[in-house]
Amino acid sequence: MDPATFERETAINREGYEALREQIRRDHAGQYVALAYGRVIAAAATYDETVAAVEQVQPVPEYYLVFPADEEPSFEPYDAF
Amino acid sequence: MPQVCWQAAAGGRYWMDVALGNYDTRVMIDLGLIDPLRLVGLEVDPVLYHRIKQAGQFSRFNRRFRRDASGRLSWTESGLTAAQVICPTARQRVGPAVRVYVSCSAPGVPNRVGIVFFHRLSRCRVLWELDQQMWCIEYP
């Protein structure tokens, strides 16, 4: 993913998550959540089920995060220099 | 305090022994593996990653983006597990057991341990003996 797309998608999803945080924690407690386009696109009991649900979306989003509903999504990349 | 040490390999790389869940592995020390969110402390090859995952030794997962030295961004899966230093001579676990995320790297990339793991080693010290080319960890 190119840096410009990453920055743009991160901003969209940060903003979306800020608006959805409480709803995600309430409606998806105990689940994993996939976030893309600034909204929840999938949720399931396990990480693998959540990823599998995202892979069914057409087109599969280039940018999406998967995280436990009771944790903050990791918007910031880690560095492997 | 007792300490464990590893001699630099002939190529100049430093390797150390770490237990990830129930799996003992040798990892290259990589101070360029940095997570500003202080979550990811190691990257391991897909074979080991999926072995740990299949054994049910990851308690949580995360889909993260990683950035390499060229600035390229790609996504990776990370799992949370217990990690502990292994004494290279006695082959026993020493020092504190810490919880840290382990990321799945690309095939063929050496298993690596980074900054976050060392920062989790409460009350420990890293001693880098430059003349002797030894990487040592003191533990309580």
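Predicted model: local features only at pLDDT ≥ 70, side-chain atom pairs only at ≥ 80, totals over all residues.
Before I start, one definition: helices and strands here are DSSP runs, at least four residues of H or I for a helix and at least two of E for a strand, numbered from the N terminus. On that numbering, R123(B) falls in the loop of chain B that runs between α2, residues 115-120, and β10, residues 125-129.

For chain B the average pLDDT is 97, and 100% of the residues score at least 70.

Let me take chain A by itself. Chain A has two helices and four strands. Read from the N terminus, the order of elements in chain A is α-β-β-α-β-β. The C-alpha trace of chain A spans about 35 × 25 × 25 Å along its principal axes. Does the radius of gyration go with that of a compact globule, or against it? It agrees: for 81 residues a compact globule would come out near 12 Å, and chain A has 12 Å. Of the 81 residues in chain A, 27% are buried. Among the contacts in chain A with a separation of 6 or more, 43% are between residues 24 or more positions apart.

Next, the sheet of chain A. Three strands make up an open, antiparallel sheet, in the order β2-β1-β3. β2, residues 39-44, and β3 of chain A are the edge strands, each pairing on one side only. From one strand to the next, the twist averages 30°. Strand β1(A), residues 32-36, is joined to β2(A) by five bridges, and the two run antiparallel. If you want a residue pair to look at, Y32(A) has A44(A) as its bridge partner in β2(A).

Both helices of chain A pack on this sheet. Helix α1(A), residues 3-27, touches β1, β2 and β3 of chain A, and its direction makes about 150° with that of β1(A). Helix α2(A) also touches β1, β2 and β3 of chain A. The direction of α2(A) makes about 130° with that of β2(A).

Which peptide bond is cis? The one from Q58(A) to P59(A), with omega near -5°. P59(A) sits in the loop of chain A between α2, residues 47-55, and β3, residues 65-68.

Now the contact between the chains. Chain B puts 21 residues into the contact and chain A puts in 15 residues. On the chain B side, β4 (33-34), β5 (40-44) and β6 (61-68) each supply at least two residues. Which element gives the largest share of that side? That is β6(B), with eight residues. Sorted by class, the side of chain B that touches chain A holds 10 nonpolar, three polar and eight charged residues.

There is also strand pairing across the two chains. β4(A), residues 78-80, pairs with β4(B) in the antiparallel sense, over two bridges. One residue pair to look for here is D79(A), whose bridge partner in β4(B) is I34(B).

Is R123(B) buried or exposed? It has 10 other C-beta atoms within 10 Å, and 12 or fewer counts as exposed, so R123(B) is exposed.

Q133(B) is another residue with positive phi, about 50°, although it is not a glycine. Q133(B) is in the loop of chain B between β10 and β11, residues 134-138. Here the count is 13 C-beta neighbours inside 10 Å, so Q133(B) is classed as partly exposed.

Last, G108(B). This glycine is in the loop of chain B between β8, residues 93-104, and β9, residues 112-113. G108(B) has 7 C-beta neighbours inside 10 Å and therefore counts as exposed. How far apart are G108(B) and D45(B) in sequence and in space? They are 63 residues apart in sequence, and 7.0 Å apart in space from C-alpha to C-alpha.

That is the end of my list.

Methods: Residues numbered from 1 in each chain as written. Chains lettered and ligands numbered in written order. Contact = placed C-beta atoms within 7 Å. Nonpolar A, V, L, I, M, F, W, Y, C, P; charged D, E, K, R; others polar. Pairing = 2+ DSSP bridges. Buried ≥ 20, exposed ≤ 12 C-beta atoms within 10 Å, placed from the backbone. pLDDT = per-residue confidence, 0-100. Rg over C-alpha atoms; globule rule 2.2 N^0.38 Å. Axes fitted to C-alpha atoms, helices over the stretch in contact; angles between N-to-C directions.
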